[in-house]
Amino acid sequence: MEGHLLTGATFCLLVSFGYTLFALGAGRFRPGVVNLVAIIGGFLLLTIDLKIRGQAQGSCPINSLFDVLVFMSWSTLLIYLIVGPAYHLSLLGAFTAPLVFLVLLFAQLGPVGHVVTVRVSRSPWVELHAALSLIAYGAFALAAVAGVMYGVQDRQLKRHKAGALLYNLPPITDLGVANARLLWLGFWLLTAGFAAGFLSGMQTNSVKFLASAMIWAGYGLILVLRRTHRLPPRRTAAASILVFAFALASLPTIQYLSSPK
Amino acid sequence: MNIVCAGISHRNAAVDIREKFAIGPHELEETLARIRQIDGLAGAVIISTCNRVEYYTASVCPLRVLDGLRGFLQERTGVEDAPLYTHESPASVRHLFRVASGLDSMVLGETEILGQIKQAYAAASGCGATTRHLNKLFQHAFRVAKQVRSETQITRGSTSVGAVAVDLAGKIFGDLSGRRVMLLGAGDTSERTARSLVSRGVRTVIVANRTFDRAAKLAEEIGGLAVHFDHWPNAFDNVDILICSTSAPHPIVTRERLDPLLAARDGRPLFIIDLAVPRDVEASVNDLENVYLYDIDSLEQIVRQSLEVRRAEIVRCEKMIEHHVREFVEWTRTHISFLA
């Protein structure tokens, strides 16, 4: 059953991605109902999948790398559905769909362990730590997507390209603001997640701690520099993409080190 | 019931002819009343804009109505052998749908015409000059125009340098309310562009011109501030959009000069529109972070791109219109009325 739900969610995001590619190819892309319906469909299917697996595992379903990737995809869609309409960033969905599609595809077809390695009877603080951290990753994923959109719009404006993208992407100032706000959202969620981890008193591996601290400090540094106007919006956008790439790449290591040996 | 159309437009008549055919709002009611006396004419709508004057009528005997219209127009304008085009259903229906969609406009895809047609229809309807078939026709035309606009790119981009500049400002800043504009030089195009920006909500316009009196006059006209030309860097702090159009023989805004001014801007973007030839702004300024520089060539290139995109959409628009023409003609077949 769960397998079908995940396949369905992946298919929904593929539809959104495919529609974007087709429309852009035809030079007449307008963010529309197809992307939104596909993303809502994908989100609902993932929600049901997580609920079923959570009940089966007796805990928040983030007990394997496979679980983590699916949960992160769900949190990315959740944050998109919350912030997308608020910032009138409907095109953010068109850029988010391919990212989540690829993560889900990798989770299902890649060399990813499905075996549940962290067993039940964890402290609620540990659950909160893991859940908040992964939701923060969702916010960082969206910040990276907004960063990509910023880079694309900046390039269009600098090179005087008046294509469909220029007219359909949001104003570059709005993208810069959305990028910064998503970084703040992710940062506070991650900080709260870390605080929950400290309160749980859990034992942690030094490599995992170091990788997590680097991600937290990396985002913190970007935000401080942005706040003090020492990092222009374009570089903030680029930095948000780079740090998210590092965070994503370090996920398997963190997950492996979180497993009981 | 046949829809008959007769008219002149920018395509077949110069302005000296069109102005003779033009009908002002104060003459409309009387003109409608007069043409309704034409034998066989059941109802009429008159569209009169600067680019066209067209009569749409409903009739069961189109030839008699066309003769009557020709006679009326010759008597009214005094123009013999006027280059009048005439259409009967379905060509007249197709023509109205094309006009409403902006396909027959001087600037392809312009949208002002739809508002003008709506006004013309409302005026005729208000005088009781429309019939069931004309009501259906115009309602259908509004629907077609809406569909063509929303489902094709016939209105994409802008077709004048000033409008492109305003569009780009929107793509950089989003909401323009509260933004500040500085004019370096007070040329006609820069003035028009500044006025368009003001109409979109720009808060302050600072005018710097070599002739201070000219700067002061323009500033007064558009509700801005005038500064002496040599003092423009002092007034630059909160400027978001800089429009240059001086006749200086060498660049006034150089990278070297702009760099220290940008440091105080806290990363806010700066949009520079250089309308001057020779250019007022050094090309390398575009390489600066958060600075978007457009000269007259790049703006005109965007205008050309927009027009190309619009032209490429004509075939799709025509297909849509053809579908609606068939639909309307089918409706007239199933709703035969001798009284219209």
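Author: Let us start with a pair of strands: strand E1 (residues 2–9) of chain B and E4(B) pair in the antiparallel sense over 4 bridges. Helices (H or I, at least four residues) and strands (E, at least two) are DSSP runs, numbered from the N terminus, and two strands pair if DSSP finds at least two bridges between them. This is a predicted model, where local features need pLDDT of at least 70 and side-chain atom pairs pLDDT 80 or more, while totals for chains, interfaces and linings use all residues. Residues are numbered from 1 along each chain as its sequence is written, and chains are lettered from A and ligands numbered from 1 in the order in which they are written.

Reader: Which residue does Gly7(B) stand opposite in E4(B)?

Author: Strands of a sheet pair through backbone hydrogen bonds, either parallel or antiparallel. Here Gly7(B) faces Tyr85(B).

Reader: What is the order of the 4 strands in the open sheet of chain B?

Author: The order is E2-E3-E1-E4, with antiparallel pairing. At the edges are strand E2 (41–48) and strand E4 (85–88) of chain B, each pairing on one side only.

Reader: Which helix packs on the sheet?

Author: Helix H3 (residues 62–77) of chain B does, touching E1, E2, strand E3 (52–59) and E4 of chain B. Contact means that C-beta atoms, placed from the backbone, lie within 7 Å.

Reader: How many residues of chain A are in contact with chain B?

Author: The size of an interface is often given as the accessible area lost when the parts come together. Counted by residues, 15 of chain A are in contact with 21 of chain B. H7(A) gives the largest share of chain A's side, 3 residues.

Definitions and conventions:
Two residues are in contact if their C-beta atoms, placed from the backbone, lie within 7 Å. Axes are lines fitted to C-alpha atoms, for helices over the stretch in contact, and angles run from 0 to 180 degrees between N-to-C directions.
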